[in-house]
Amino acid sequence: QGFKFHCGHSFRSLRWNMPAALSKEPSADDAAEEKKRLARKRAGLIVCMSSSLSVCQHIMTVQTEPRLVMNLCNGDVAAASRLLGNTSGIVGLLSILVNQFGGRLSDSVGRKPGFMIGPVMNVLLGWLVFKNSHNRRLVLTCRILRLLFTTFSNTVMVDAALADVCTTPQELEHAKSQIQVATGAAMLITPFVEAKLLEKGLHWVYLGVSGVAAVHTCLSCLCLPETLVPSARSQAKMDLVSVNPFGFIRIFTEGSRALWQLTVLTTFQMFLEGKNISDIAQNWVRDHLKWSVTGIRNFVIIYGALCTLSCGSLAPRLRSRLDAKDFTTLTNSLNAGAFLVRGLKASTVLWLVAMVPMLPGVNGTCAIPLKAQATRLAIEQGFGKGEYSAWANNMRAIVGSIAPMMYGQVYAGLAKKGMNPGLSFAVAGVLGAIVPQIMLMAMKDSDLGVVPKAAVVAAR
């Protein structure tokens with residue numbers, strides 16, 4: 001018995017004294033790392049939920065606002081198109097100021113206040129339009145402010161927060177794809193809400209915006225973690241240089257050639273972003289395809305479902321099989337083909353068929369691999385995460401100010417001359433797909449984080 005006890009004791013001693021690398025039991029470091037990983041995962045999930053609610057507030061008026069503005073213009077379609085395009089352009093210009101100031105400030109005080117400002121403002125703005133829907137000046141002012149602050153909370157803050165919680169480019173790329181899935185999920189639900197509220201009247205939709213914003217505010221207050229720990233924050237410095245709205249020029253003067261080329265390329269891809277196309281798309285399907293409110297709602301739901309499936313399944317599979325260059329080339333080519341043909345004639349069949357090729361790279365998905373590479377380079381070169389996020393989104397805001405105004409003017413001009421206004425989509429395809437592809441072809445594989453194919457073959 002003594003022998004058995006002694007042997008048992010010896011084995012227990014051996015087990016407890018075994019090096020951590022050979023022991024089956026997790027070490028304290030492993031447990032701490034797992035805890036951090038779970039915390040990052042939870043933070044990413046809450047950020048996705050916040051992004052989804054922001055998208056709900058953004059697209060809940062996708063049918064309502066063009067109709068309300070047209071009513072305020074006494075049925076003048078051309079005047080309404082110009083007003084919608086011009087206000088979107090103003091949003092883009094003001095975003096340059098807000099993004100720079102807010103992004104830099106968030107590097108000092110944290111991300112949570114930036115997440116909060118969008119929903120808090122939308123609670124007020126939605127209520128104001130609900131109570132004063134016949135006041136054109138107030139409706140347009142509230143449209144500008146709503147788009148401005150919703151976009152800030154859902155772009156600059158989301159990008160910066162994901163850069164905080166993701167430790168590798170691959171993890172960041174996956175997180176950005178999850179944001180696209182959250183966007184698709186919002187597109188599935190929101191049209192039902194909008195259509196139901198439209199039965200009561202146009203102004204009731206804005207009450208819905210206010211209600212969703214109130215829910216979003218509660219989520220941000222109670223559940224959203226602060227992703228930027230105090231030790232990682234920069235010293236608050238709000239001089240003229242630090243809040244310069246054109247501070248993104250430092251990307252070109254202080255960043256590497258690869259960084260500014262990637263930033264410009266992904267910025268041009270935003271000419272095809274949904275919010276830049278939305279106004280003319282709504283005019284096209286309503287006035288030329290003759291779709292009803294129910295038809296537009298059903299299309300948005302089906303399109304949202306397909307986008308969700310594509311962003312959650314198809315696009316990740318393509319990225320796992322293709323490198324960043326090949327994936328971007330494929331999606332640019334598909335987007336170019338779809339946008340060049342979708343408005344050639346007023347045909348519902350053509351519009352629906354052209355939708356299919358866009359799915360792998362829809363609404364910015366085409367830019368995910370190169371954006372992750374650009375963010376990695378910016379951090380390596382000493383730029384702040386919130387700072388670079390603000391700069392990238394300022395350039396995106398410039399596109400957001402130019403594109404809707406340009407498309408609106410082209411659409412209205414073609415319609416006024418009796419020509420096909422659907423050719424506006426071909427203009428978007430050239431700027432958002434063909435031009436970025438030409439830029440991509442001029443870049444080196446090493447700048448894209450891609451191993452040259454010749455080197456892969458040689459290694460084999």
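This tour moves through a predicted model, from its confidence scores to its pockets, a cavity and its cysteines.

**Confidence along the chain**

Begin by colouring the whole chain by pLDDT. The average is 83, and 90% of the residues score at least 70. Next, select helix H1, residues 2-17, which has the lowest mean pLDDT among the elements of the chain, at 45. Then select helix H17, residues 424-441, where the mean is the highest, at 95.

Two stretches call for caution. Over residues 1-16, pLDDT stays under 50, and the model has 2 contacts beyond four places in sequence for this stretch. Over residues 456-460, pLDDT likewise stays under 50, with 1 contact beyond four places in sequence. Where pLDDT is low, the predicted coordinates should not be read in detail.

**The largest pocket**

Select Lys 41, Gly 44, Leu 45, Cys 48 and Gln 178. Of the 20 residues that line the largest pocket, these lie nearest its centre. The volume of this pocket is about 450 Å³. Now show helix H2 (28-59) together with H6 and H7, each of which supplies at least two residues of the lining. Which helix contributes the largest share of the lining of this pocket? That helix is H7, with 9 residues. By class, the lining of the largest pocket holds 12 nonpolar, 4 polar and 4 charged residues.

**The second largest pocket**

The second largest pocket has a volume of about 310 Å³. To find its centre, select Gln 170, Glu 173, Ala 324, Leu 448 and Gly 449, the closest of its 17 lining residues. Two or more residues of this lining come from each of H7, helix H12 (293-321), helix H13 (324-341) and H15. H15 gives the most, with 4 residues. The lining of the second largest pocket divides into 8 nonpolar, 4 polar and 5 charged residues.

**The second largest cavity**

A search of the whole structure finds 3 cavities of 30 Å³ or more. Select Asp 159, Lys 371, Thr 375, Tyr 388 and Ala 392, which lie nearest its centre among its 17 lining residues. The elements that give two or more residues to this lining are helices H6 (136-165), H7 (169-198), H10 (257-269), H15 (368-380) and H16 (385-416). The largest share, 6 residues, comes from H16. In the lining of this cavity there are 6 nonpolar, 6 polar and 5 charged residues.

Remain here and centre the view on Thr 375, in helix H15. Is Thr 375 buried or exposed? Its relative accessible area is 14%, so Thr 375 counts as buried. Beyond residues up to four places away in sequence, Thr 375 touches Ala 163, Leu 172 and Tyr 388.

**The cysteines**

A disulfide is a covalent bond between the sulfur atoms of two cysteines. How many disulfides does the structure hold? The number is 0.

Cys 218 is partly exposed, with 46% relative accessibility. Finally, select Cys 223, which is in no disulfide; its nearest cysteine sulfur belongs to Cys 218, at 9.4 Å. Cys 223 is also partly exposed, with a relative accessible area of 32%.

Definitions and conventions: Residues numbered from 1 in each chain as written. Predicted model: local features only at pLDDT ≥ 70, side-chain atom pairs only at ≥ 80, totals over all residues. Heavy atoms only, no water. 1 Å grid on protein atoms, 1.4 Å probe; cavity = no way out; pocket = protein on both sides within 12 Å on 5 of 7 lines; lining within 4 Å. Points joined across faces, edges and corners; volume = space filled by probe spheres on them. Nonpolar A, V, L, I, M, F, W, Y, C, P; charged D, E, K, R; others polar. pLDDT = per-residue confidence, 0-100. Contact = heavy atoms within 4.5 Å. Buried < 20%, exposed > 50% of the residue type's maximum accessible area, 1.4 Å probe, protein only. Disulfide = S-S within 2.5 Å.
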